[in-house]
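Let's take a walk through this structure together, one region at a time. Please keep the sequence and the 3D view open as you read.

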Amino acid sequence: MRLDKRWWLLVVLAGLLALFFGFDLGRFLSLAAIKSSQADLQAWRAAQPLLAAALFFVGYVAVTALSLPGAVVMTLAAGALFGLGWGTLIVSFASSLGATLAFLTARWLLGGWVQSRFGDRLATLNAGIAKDGGFYLFTLRLVPAIPFFVINLAMGVTALRTWTFYWVSQLGMLPGTLVYVNAGTQLARIESLSGIVSPGVLGSLVLLGVFPLITRKFIEMFQSRKVYARFKQPKTFDRNLIVIGGGSAGLVTAYIAAAIKAKVTLVERHAMGGDCLNTGCVPSKALIRSAKFLSHVQRAREFGVRSASAEFDFGEVMERVQRIIKAIEPHDSVERYTGLGVEVAQGTARIVSPWQVEITHHDGRVEPLSTRAIVIAAGARPFVPPIPGLEAVEVLTSDNVWQLRQRPERLVVLGGGPIGSELTQTFARLGSRVTQVEMAPRILLREDPEVSDLVTARFRAEGIAVLVDHKAERVEVIAGEKQLVAMHQGQEVRIPFDAILVAVGRVANLKGYGLEELGVATGRTVEVNGYLQTNFPNIYAAGDVAGPYQFTHTAAHQAWYAAVNALFDPFKKFRADYRVIPWATFVEPEVARVGLNELEAQEKKIPYEVTVYGLDDLDRAIADGEAHGFVKVLTVPGKDRILGVTIAGEHAGDLLAEYVLAMKHGIGLNKILGTIHTYPTLAEANKYVAGNWKRAHAPQALLAWVERFHAWRRG
Ligand SMILES: Cc1cc2nc3c(=O)[nH]c(=O)nc-3n(C[C@H](O)[C@H](O)[C@H](O)COP(=O)(O)OP(=O)(O)OC[C@H]3O[C@@H](n4cnc5c(N)ncnc54)[C@H](O)[C@@H]3O)c2cc1C
């Protein structure tokens with residue numbers, strides 16, 4: 001067996017520690033030993049000062065680097081041998097160097113493992129260390145509550161930079177070093193280690209340690225208070241909470257607030273349910289259903305049906321979409337929310353002060369309301385890029401495409417993301433000749449390349465022209481014909497069309513309701529901290545307007561935090577947990593993901609193993625005529641802990657649920673393998689991929705012995 005370098009270091013370290021403890025070398029580093037040999041040591045130092053200093057320095061580095069007990073006694077000895085000045089200098093550098101070596105050893109031996117094992121859970125700590133690491137370390141160094149060797153080792157597995165660790169350690173340990181070296185100059189008078197530092201000195205060190213943290217807290221408090229300086233806070237409030245926007249985020253925020261008995265007003269200027277119900281998830285999935293039915297008719301022969309045809313009217317299909325919206329509408333209606341205890345205002349909200357919202361009702365009435373907290377849930381809208389000539393043609397987006405009643409014969413879809421891809425396939429199946437134009441080298445760019453390949457191949461097989469690496473330059477109308485001009489490998493490509501649908505991303509709604517006037521910090525979205533607070537701590541944001549995810553389920557997830565934090569801060573608040581976030585793109589084959597894919601793992605330098613199960617092998621998928629796609633699981637090397645899953649295939653979004661639960665609750669592939677899955681279902685794929693993983697990790701050496709055992713039993 002070959003040992004890698006880490007193991008060698010571990011063996012050497014274990015050997016040195018065994019030597020130290022086995023021969024009880026610690027006895028030379030006791031207070032009594034130093035005191036009894038003080039005279040000899042001093043004589044030696046007087047005879048060979050440089051050698052004595054050098055050897056002492058090396059010894060001190062070794063003790064701290066190996067985390068051996070004895071550093072305190074050595075610090076006292078430094079005072080006795082070299083005096084306050086030289087003693088402090090030697091100990092200060094030796095202790096910092098030794099601590100840094102211990103820090104690096106911990107990082108080298110365990111850092112990678114800890115980060116890959118607990119990387120997602122350490123993300124917040126790492127972010128804190130990146131922002132505040134120096135402060136924390138400084139405090140820990142000054143306040144001698146935790147032994148220094150523990151700090152050295154613990155900091156080694158965080159993302160703290162080595163140089164920061166070194167200089168903060170040196171600075172932070174300096175006061176303590178001075179105190180102990182100084183005490184060492186009077187070594188003869190010291191009777192025990194515990195009495196060296198008086199309570200007064202200890203108290204001063206503690207104060208010195210917490211001072212930077214307290215200062216920082218004050219600065220933060222001051223900065224957050226400063227934003228309120230221009231405004232007069234009302235003495236009482238009409239509401240506990242006002243929620244701006246009645247989409248996924250706003251509805252859930254208001255519902256939670258009402259459920260916990262707060263007085264809450266939800267303001268919606270357009271349609272209750274927001275994007276998801278009216279122009280997003282619901283209409284798109286309803287239209288996808290009709291398109292899927294038509295695709296099955298087209299595939300009739302595959303199912304043993306000699307011929308099948310479907311006569312349909314595009315307008316009627318689009319009317320069905322509206323019927324589906326109507327059917328779901330009651331879930332998000334004013335009546336339902338009023339019944340749940342939410343006051344619903346149909347009108348436009350405008351924030352006029354951190355505690356004041358003005359509602360312009362649809363009937364023209366203007367109602368000013370004071371509130372203790374506000375949640376901004378104003379959503380996002382399609383981004384239409386400034387492509388020359390686009391303004392001259394009617395542009396379809398996910399906002400207005402649902403009003404179409406005439407099928408566009410030639411449709412250009414600009415954008416290869418989830419929304420663009422879903423609508424591309426849907427319109428193609430409904431009979432449009434669709435050209436999908438994407439400037440990146442592949443569609444569904446966030447997913448692993450084989451996912452894009454699979455979907456692209458399916459799109460092309462269905463007659464869609466997928467043009468990747470094509471950058472839209474301008475739109476021209478030549479002799480009444482509309483054309484998109486795109487650049488591809490330095491050449492102009494002209495794509496004639498009857499309608500163009502732009503789906504290149506969505507931008508947060510940030511303007512027109514008081515954010516700029518108030519000074520709420522915004523970038524591409526409303527800027528929020530981990531608690532979803534804006535720079536005005538009583539104003540929160542959730543959903544698409546806050547990002548970074550733009551899904552209904554993440555909007556609802558954030559809503560819980562926004563509602564609870566808005567109502568209970570400063571007594572208690574919760575940091576939004578983004579560890580396990582699933583999503584799906586409802587093209588065929590469906591694509592679903594939770595956690596890392598290979599692209600992200602490589603980008604974040606997280607080690608992983610890949611296990612794949614091909615759905616072409618699955619009984620149910622074969623029976624259904626859907627034997628294509630795969631389940632791909634990333635795990636921690638050598639372990640069954642799931643880092644991420646990508647599924648491409650029929651009902652991928654539903655199949656993913658098992659992994660979402662597993663990742664959320666730390667369930668590994670072994671447990672999935674040990675769970676009975678109903679036969680014949682698509683969900684069995686999850687068990688089979690776990691089986692593939694298990695086979696790849698079978699204990700070969702043990703199996704060889706078991707084989708011998710069976711041979712022996714056969715006689
Ligand atoms: C075509 C399409 C398909 C999608 N498919 C999916 C999917 O399958 N799964 C998924 O999870 N997500 C999907 N999404 C995304 C999903 O729709 C959004 O992430 C979700 O709707 C965001 O909810 P929200 O509450 O943040 O914003 P919105 O739903 O946009 O709600 C914001 C509301 O605020 C109101 N508002 C704004 N300003 C004011 C004001 N000043 N006063 C009063 N009211 C105001 C608006 O009228 C709007 O109703 C899709 C989106 C699109 C466009």
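## A guided tour

The side chains of His470 and His488 make a polar contact at 3.5 Å. A polar contact here is a pair of N or O atoms within 3.5 Å; within protein, one must be able to donate a hydrogen and the other to accept it, and residues adjacent in sequence count only if both atoms are side-chain atoms. A polar atom of the His470 side chain also lies 2.7 Å from the backbone oxygen of Val468. His470 is buried, with a relative accessible area of 6%; buried means under 20% relative accessible area, exposed over 50%, and partly exposed in between, with a 1.4 Å probe and protein chains only. You will find His470 in the loop between β10 and β11 (471-478). Helices (H or I, at least four residues) and strands (E, at least two) are DSSP runs, numbered from the N terminus.

Before going further, a word on the ground rules. This is a predicted model, in which local features need pLDDT of at least 70 and side-chain atom pairs count only at pLDDT 80 or more, while totals for chains, interfaces and linings use all residues. Residues are numbered from 1 along each chain as its sequence is written, and side-chain values use heavy atoms, with hydrogens and water left out.

Now step back to see the whole chain. There are 24 helices and 21 strands in it, and 46% of its 715 residues are buried. Along its principal axes, the C-alpha trace spans about 105 × 90 × 55 Å.

Let's turn to the ligand. Which residues come nearest to it? Of the 37 residues around the ligand, the nearest are Ala249, Glu268, Lys285, Asp544 and Thr552; a residue is near a molecule if one of its heavy atoms lies within 4 Å of it. In the side chain of Lys285, an N or O atom is 2.8 Å from an oxygen atom of the ligand. The backbone takes part in the picture too: a backbone N or O atom of Cys276 lies 3.3 Å from a ligand oxygen atom, and a backbone N or O atom of Gln550 lies 3.3 Å from an oxygen atom of the ligand. Taken alone the ligand exposes 1000 Å², and the protein buries 94% of that; these areas come from the Shrake-Rupley method with a 1.4 Å probe, and for residues only the protein chains shown count as cover.

The elements that give two or more residues to this shell are α9 (248-259), β2 (264-268), α10 (274-278), α11 (281-298), β3 (343-353) and α17 (552-568). By class, the shell has 14 nonpolar, 17 polar and six charged residues. In this scheme Ala, Val, Leu, Ile, Met, Phe, Trp, Tyr, Cys and Pro count as nonpolar, Asp, Glu, Lys and Arg as charged, and the others, Gly among them, as polar.

Cys276 leads us to another feature. The structure holds one disulfide, a term used for a pair of cysteine sulfur atoms within 2.5 Å. Cys276 and Cys281 form it, with their sulfur atoms 2.3 Å apart. The link is left-handed, with -130° about the S-S bond.

Next, some strands. Strand β12 (residues 481-488) runs antiparallel to strand β13 (residues 491-497), and seven bridges join them; two strands pair if DSSP finds at least two bridges between them. Val485 stands opposite Arg494 in β13. These strands form a hairpin with two residues between them, and Gln489 in the turn has a positive phi of about 50°.

Further along is strand β21 (residues 642-648), where seven of the seven residues are buried. Antiparallel to β21 runs β18 (residues 591-595), joined by five bridges, and Arg593 has Thr646 as its bridge partner in β21. Strand β20 (residues 630-635) is also antiparallel to β21, with six bridges; here Val631 is partnered with Ile647. The hairpin of β20 and β21 has six residues between the strands, and Gly638 takes a positive phi near 80°.
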